[in-house]
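Welcome! Have a look at the sequence and the model below, and then we will walk through a few of its features together.

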Amino acid sequence: MRITRALQIGIGALAVALAATGCGGGSSKTVTEHAKDGKLTIGIKFDQPGLGLRSKDGSYSGFDVDVAKYVAGKLGVAEDKITFKEAPSAQRETLIQNGQLDFVVATYSITDQRKEKVDFAGPYYLAGQSLLVRSDNTNITGPESLTGGKKLCSVKGSTPAQNIQKNYANDVQLQEYDTYSLCVEALKSGAVDALTTDDIILAGFAAQSPGQLKLVGKPFTTEKYGIGLKKGDKESRDKINDAIEAMINDGAWKASLDKNFTGTGFQPAAPPQVDRY
């Protein structure tokens, strides 16, 4: 019995230690505290052209990347002191909660369900759900036309495909992949009939494959993109909100959208109002 009791105590101590370090390797410091140390680790997407893209040479580009750099700069952290890490849709909350990322700028829609686990600054952009199809497709014109067992692709941890199945086309066949880039390849090959997510994401993929893919229909939701950070870190959230407002007001916000989407045919939305909840 003594051995069992000792084992129980040891397991309990280990559990506490792991929780304190974010499953071994995370940090309990706030964003502001890390910024004061001169370094930040920021989560972005690696496979979304125009938003968050890692090139073969290891560089990063896109609107989300520009937002992340701007916010970091306002927090006093230079670009060369930022470590970018991939933040897949299904892992964003966990990466924040475990302290593996200071904050996430990755086409991260603010929802009540997510706000139970993390806090959000922003929104810094208002997107809308849309559809991407092959350029020669003429029978898909919007979510209502995805009937007849058509195959619809989206990514794990994201909700757009379920939204279409619930509200527009009950018999649509949902195909979930780990990343949007895999969905794009499935769309090109004919394995799926359409890809759904936010219009600004789809515009980037369409621009990357000129003549092959097109957006169809009008956006049918409103998605508020926020910057996710650890729940309860109000000081940092307020500072990030200040940075977002400054980026919008000084012209850097529009300049980034113009740089990343001019020539794609995509018309970005107007600047959002930051929510100071």
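## Before we start

A residue is called buried when its relative accessible area is under 20%, exposed when it is over 50%, and partly exposed in between, using a 1.4 Å probe and protein chains only. This is a predicted model, in which local features need pLDDT of at least 70 and side-chain atom pairs count only at pLDDT 80 or more, while totals for chains, interfaces and linings use all residues. Residues are numbered from 1 along each chain as its sequence is written, and side-chain values use heavy atoms, with hydrogens and water left out.

## A buried residue in a helix

Let us begin with Phe205, which sits in helix α8 (residues 199–208). Helices (H or I, at least four residues) and strands (E, at least two) are DSSP runs, numbered from the N terminus. Phe205 counts as buried because its relative accessibility is 2%.

Which residues does Phe205 touch? Leaving aside residues up to four places away in sequence, its contacts (heavy atoms within 4.5 Å) include Asp47, Gln48, Pro49 and Leu132. Asp47 is 158 residues away from Phe205 along the chain, yet their C-alpha atoms are separated by 9.4 Å.

## The disulfide

The structure holds one disulfide, meaning a pair of cysteine sulfur atoms within 2.5 Å. Its partners are Cys153 and Cys183, with sulfur atoms 2.0 Å apart. The link between Cys153 and Cys183 is left-handed, at -75 degrees about the S-S bond. Cys153 belongs to strand β9 (residues 151–155) and Cys183 to helix α7 (residues 180–189), so the pair ties together parts 30 residues apart in sequence.

Are these cysteines buried or exposed? Cys153 is buried at 0% relative accessibility, and Cys183 is buried with a relative accessible area of 0%.
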